[in-house]
Amino acid sequence: MIDRFKDGLDFGQSMALLNEAQSAQNLLRDAVDAIVRLRHPIVHGDSVFTLGSIGVEKLMKIVLGLVHLRNNGTWPTVKVMKGWGHGVLEMDALVASTLEANMAAATHRPYVEKLVKEHQEDQHWPLLSAVFDRYGQSGRFYYLDHLARGQPDEWEAPVEFWNRLELGITDGQPNILDMIAGEQDEAERGYASLSFVSATSLDKWWFMIHRAAIQGCFGERGKTIGWEIGHMAARCWNRAGRSSRIGRRSRGISMRCWS
């Protein structure tokens with residue numbers, strides 16, 4: 001097969017990148033679904049934290065790797081990638097600055113700028129990404145570590161970070177608290193509304209990265225990888241916490257990078 005990119009990746013690396021991109025898509029798809037279904041963080045939170053933290057970290061590292069590949073002709077070394085660690089908040093800032101610096105490469109810059117602006121105006125993303133940051137860095141074995149050390153970590157448990165997110169949502173939408181305080185059906189709608197807002201925040205960030213990649217902000221190969229990390233669009237979440245996907249296509253690993 002002919003490598004039409006000639007950017008320094010061999011065939012094996014190209015296939016590894018495709019697999020990573022598919023994995024990121026799978027994790028983020030399931031993370032959004034898990035958030036939509038979340039009703040009680042102490043019961044449903046672990047699935048959300050695990051899927052979300054790994055999926056977001058993986059996609060961020062793919063983005064940073066693609067830009068490094070475009071600029072240097074090689075994928076980042078293991079040492080460089082380990083240096084990024086599991087800190088979603090630090091990587092989020094790095095991805096944001098990388099996107100800003102590469103905005104001029106977009107095929108339709110105003111479109112990407114619009115998506116970025118919408119994401120920047122999302123007041124819930126900082127709180128949601130803080131959940132994933134804490135879980136990725138030390139939250140996975142929070143209680144096991146407490147057992148081993150005989151005292152809790154200096155940081156709060158991941159579920160407390162999630163509670164902070166929900167408080168942030170209800171501060172801006174107090175009607176949700178009124179619903180939760182109501183009868184069973186009304187309370188269910190309230191919890192579903194909380195989940196809807198959180199899921200939408202992750203969904204919008206994912207969509208922004210997906211479209212920015214397709215637009216060329218992360219290099220020529222990034223245009224192809226943008227489809228592989230695909231947002232599974234069009235996705236609509238209703239207030240009852242159910243999803244409807246219009247024109248969704250199931251896609252396996254393709255050979256687009258080598259065709």
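Student: Is the crossing of H5 and H10 left-handed or right-handed?

Tutor: Good place to begin, and keep in mind that this model is predicted. If you view the two axes where they cross, the hand assigned to the H5 and H10 pair is left-handed.

Student: Which residues of H10 make that contact with H5?

Tutor: Let's take the two sides in turn. H5 brings Tyr111, Val112, Leu115, Val116, Glu118 and His119 to the contact. Facing them, H10 brings Lys204, Trp205, Phe207, Met208, Arg211 and Ala212.

Student: How is H5 oriented relative to H10, roughly parallel or roughly antiparallel?

Tutor: The angle decides this one. The axes of H5 and H10 come within 10 Å and cross at roughly 160°. Angles over 145 degrees fall in one class, so H5 is, relative to H10, roughly antiparallel.

Student: Let's step back to the whole chain. How many helices and strands does the protein chain have?

Tutor: Reading from the N terminus, the elements run α-α-α-α-α-α-α-α-α-α-α-β-β. Counted up, the secondary structure comes to eleven helices and two strands.

Student: What share of contacts between residues at least 6 apart in sequence joins residues at least 24 apart?

Tutor: For background, the protein chain has 259 residues, and 51% of them count as buried. Turning to contacts between residues at least 6 apart in sequence, the share that joins residues at least 24 apart is 71%.

Student: Which residues have the most contacts inside the largest nonpolar core?

Tutor: In general, nonpolar side chains tend to be buried together in soluble globular proteins. Here, the largest nonpolar core holds 61 residues. Helices that each supply at least two residues of this core include H1 (11–37), H2 (41–72), H4 (88–101) and H10 (184–214). The residues with the most contacts inside the core are Val56, Trp162, Leu202, Trp205, Ile209 and Phe218.

Student: Ile209 is on that list. What is its relative accessible area?

Tutor: Ile209 lies in helix H10. Buried means under 20% relative accessible area, and Ile209 counts as buried because its value is 0%.

Student: How far apart are the end C-alpha atoms of H8?

Tutor: You can start with an expectation. At 1.5 Å a residue, the 15 residues of H8 should span 21 Å. The separation in the model agrees with this, as the end C-alpha atoms are apart by 22 Å.

Student: And which residues of H8 are buried?

Tutor: Trp162 has already come up among the residues with the most contacts in the core. In H8, the buried residues are Pro158, Val159, Phe161, Trp162, Leu165, Glu166, Ile169 and Thr170.

Student: How do H1 and H11 lie, oblique or roughly parallel to each other?

Tutor: Their axes come within 8 Å and cross at roughly 40°, and the crossing is right-handed. In the contact, Ser14, Leu17, Leu18, Ala21, Gln22 and Gln25 of H1 meet Arg221, Ile225, Trp227 and Glu228 of H11. Roughly parallel would need an angle under 35 degrees, so H1 and H11 are oblique.

Student: Which residues of H11 make the contact with H10?

Tutor: The axes of H10 and H11 come within 6 Å and cross at roughly 145°, with a left-handed crossing. H10 contributes His210, Arg211, Ala213 and Ile214.

Student: Is Thr224 buried or exposed?

Tutor: Thr224 is found in helix H11, residues 220–228. Its C-alpha atom is separated by 7.9 Å from that of Ala213, eleven residues apart along the chain. With a relative accessible area of 7%, under the 20% limit, Thr224 is buried.

Student: What is the relative accessible area of Glu220?

Tutor: Glu220 is also found in helix H11. Its C-alpha atom and that of Leu66, 154 residues apart along the chain, are separated by 9.0 Å. Glu220 counts as partly exposed, because its relative accessible area is 49%.

Note on methods:
Residues are numbered from 1 along each chain as its sequence is written. This is a predicted model: local features need pLDDT of at least 70, side-chain atom pairs count only at pLDDT 80 or more; totals for chains, interfaces and linings use all residues. Side-chain values use heavy atoms; hydrogens and water are left out. A nonpolar core is a set of buried Ala, Val, Leu, Ile, Met, Phe, Trp, Tyr and Cys residues joined through side-chain atoms within 4.5 Å. Buried means under 20% relative accessible area, exposed over 50%, partly exposed in between (1.4 Å probe, protein chains only). Helices (H or I, at least four residues) and strands (E, at least two) are DSSP runs, numbered from the N terminus. The expected span of a helix is 1.5 Å times one less than its number of residues. Axes are lines fitted to C-alpha atoms, for helices over the stretch in contact, and angles run from 0 to 180 degrees between N-to-C directions. Angles under 35 degrees count as roughly parallel, over 145 as roughly antiparallel, 65 to 115 as roughly perpendicular and the rest as oblique. A crossing is left-handed if the near helix is turned anticlockwise from the far one by less than a right angle, and right-handed if clockwise. Contact means heavy atoms within 4.5 Å.
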